[in-house]
Amino acid sequence: MLLQSLALLLSLSAVEPAAESTGPDPLERVAVIGASVSWGYGAHIPFQADGYVHRELVHFSDVLEASLADEHDIAFHDANMAFFNSPIIIGRRLAGNARDAKPSMVL
């Protein structure tokens, strides 16, 4: 599912807007909110260290930022693993915090 979402985002970011398009690019300032996938659950990059393997967590916003052109920005990223336990309360807080960042799009 994560790879399918990434493929969709990459294909959307490669499409150039029409010449008559007005307004900001929807991917100009993206806010990422959510739960486990947004937080990076199960996505990590392993690094060999002295005697152990360190696993660096990769957030969905990291993947998105790496796939966007330079003029795009991740305006806000917040994920909460407890989102499923209290979706209305946590969802409202995440959405409100994202709105305060004035993004062009919320994922």
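1. Surface patch. Trp39, Tyr41, Leu57 and Met81 together make a nonpolar surface patch of about 390 Å². Patches here are built from residues with over 30% relative accessible area and no salt bridge, like charges being joined within 9 Å and nonpolar side chains (Val, Leu, Ile, Met, Phe, Trp, Tyr) within 5 Å. Areas come from the Shrake-Rupley method with a 1.4 Å probe, and for residues only the protein chains shown count as cover. Tyr41 is exposed, at a relative accessible area of 59%; buried means under 20% relative accessible area, exposed over 50%, and partly exposed in between (1.4 Å probe, protein chains only).

2. Basis of the model. This is a predicted model, in which local features need pLDDT of at least 70 and side-chain atom pairs count only at pLDDT 80 or more, while totals for chains, interfaces and linings use all residues. Residues are numbered from 1 along each chain as its sequence is written, and side-chain values use heavy atoms, with hydrogens and water left out.

3. Overall make-up. The protein has four helices and five strands, and from the N terminus on its elements run α-β-α-β-β-α-β-α-β. Helices (H or I, at least four residues) and strands (E, at least two) are DSSP runs, numbered from the N terminus. Of the 107 residues, 28% are buried. The accessible surface comes to about 7400 Å², and carbon and sulfur atoms hold 59% of that surface. Among contacts with a separation of 6 or more, 62% are between residues 24 or more positions apart; contact means heavy atoms within 4.5 Å.

4. The three-stranded sheet. An open sheet has the strand order β4-β1-β5, with parallel pairing. β4 (73-79) and β5 (105-106) are at the edges with a single partner strand each, so one side of each has no neighbour in the sheet. Two strands pair if DSSP finds at least two bridges between them. β1 (residues 29-34) and β4 pair over six bridges, and Gly34 has Ala79 in β4 as its bridge partner. β1 and β5 pair over two bridges: Val30 stands opposite Met105, and Ala31 stands opposite Val106. β1 itself is mostly covered, with five of its six residues buried.

5. The hairpin. β2 and β3 (residues 52-57) pair in the antiparallel sense over six bridges. Across this pairing, Pro46 stands opposite Arg55 in β3. Two residues lie between the strands of the hairpin, and Gly51 takes a positive phi near 85 degrees.

6. Helix α3. Which residues of helix α3 (residues 60-67) are buried? They are Phe60, Ser61, Leu64 and Ser67. Viewed down the axis of α3, these buried residues fall within an arc of 130 degrees, so they line one face of the helix. The arc is that of the directions from the helix axis to the C-beta atoms.

7. Ser36 and its surroundings. Ser36 lies in helix α2. Apart from neighbours within four places in sequence, Ser36 is in contact with Tyr41, Met81 and Phe84. Tyr41 and Met81 are also members of the patch in point 1. The C-alpha atoms of Ser36 and Phe60 are separated by 9.5 Å, the two residues being 24 apart along the chain.

8. Salt bridge. How many salt bridges does the rule give? The count comes to one, where a salt bridge is a side-chain nitrogen of Lys or Arg within 4 Å of a carboxyl oxygen of Asp or Glu. Arg93 forms a salt bridge with Asp78, and the closest N and O atoms are 3.2 Å apart. Arg93 belongs to helix α4 (residues 87-100) and Asp78 to strand β4, so the pair ties together parts that are 15 residues apart in sequence. Arg93 is partly exposed, with a relative accessible area of 37%.

9. A backbone point to check by eye. Lys102 has a phi near 55 degrees, a positive value in a residue other than glycine. Most residues other than glycine have a negative phi. Lys102 is placed in the loop between α4 and β5 and is exposed, with a relative accessible area of 64%.
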